[in-house]
Amino acid sequence: MVINLSYSNESLTLDIPKQNLIGILNPNQVLQKPDIDIVNLQNNLSQFLKGSKNILVIVNDYTRPTPTSEIISFIEPILKEYEFRFMVACGSHRAPSQQELLQIFGEYAEIYKNRIIIHDAKNNLSLKFLGKTKRGTPIWLNQAVWQADKIITINSVEPHYFAGFTG
């Protein structure tokens, strides 16, 4: 049996002998997008950010299906009133390519290209050491997080192989 698998922006074709195929699992249909009360969202965000000077918006990297650019479109009118930056939370993943930044940010990748920070968990110069837990685990935090007055996260919560859950 010939099966086509979507992989990134491509399609892979597999030819599996019928006797080796138990079945095919298909994903559930995506539910209709919920109605979002944009005015209420913007009012709450304005209240949250009131009096802040340095805003950091942390977003998922290219490995997560979060509709980041769509969410940015809802909050951008409020963000524009403040000094803000975006940080791509890569965890232990590599930095995103230009194409992947477009995937994450859409049209905002070009608009805010000078305000996008790529987190690098291996670059101690961009991290601040906060100390150790009771069990001796070192705690490092990105300098941009430490310097922000307020932090907004745009992320998804889903199972994670190593951490339990993402987000």
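Are Phe-84 and Phe-86 buried or exposed? Phe-84 is buried, and Phe-86 is buried as well, where buried means under 20% relative accessible area, exposed over 50% and partly exposed in between, with a 1.4 Å probe and protein chains only. This is a predicted model, in which local features need pLDDT of at least 70 and side-chain atom pairs count only at pLDDT 80 or more, while totals for chains, interfaces and linings use all residues. Residues are numbered from 1 along each chain as its sequence is written, and side-chain values use heavy atoms, with hydrogens and water left out.

**Aromatic pairs**
- A search of the whole structure finds six aromatic pairs, a pair being rings of Phe, Tyr or Trp (its six-membered ring) with centres within 6.5 Å, called stacked if the planes are under 30 degrees apart, edge-to-face if over 60 and tilted for the rest.
- Phe-84 and Phe-86 form an edge-to-face pair, with 5.6 Å from centre to centre and 85 degrees between the planes.
- Ring pairs link Phe-84 and Phe-86 with Phe-105, Tyr-108 and Tyr-112 into a cluster.

**A pair between strands**
- The rings of Phe-129 and Trp-140 are tilted, because their centres are 5.0 Å apart and their planes are at 55 degrees.
- Phe-129 lies in strand S6 (residues 127-132) and Trp-140 in strand S7 (residues 138-142), so the pair ties together parts that are eleven residues apart in sequence; strands are DSSP runs of E, at least two residues, numbered from the N terminus.
- Phe-129 is partly exposed at 41% relative accessible area, and Trp-140 is partly exposed at 39%.

**Charges over rings**
- The charged end of Arg-115 sits over the ring of Phe-84, 4.5 Å from its centre, which requires NZ of Lys or CZ of Arg within 6 Å of the ring centre and within 35 degrees of the ring normal.
- The charged end of Lys-150 sits over the ring of Phe-48, 4.6 Å from its centre.

How values were computed:
Helix = DSSP H or I, 4+ residues; strand = E, 2+ residues; numbered from the N terminus.
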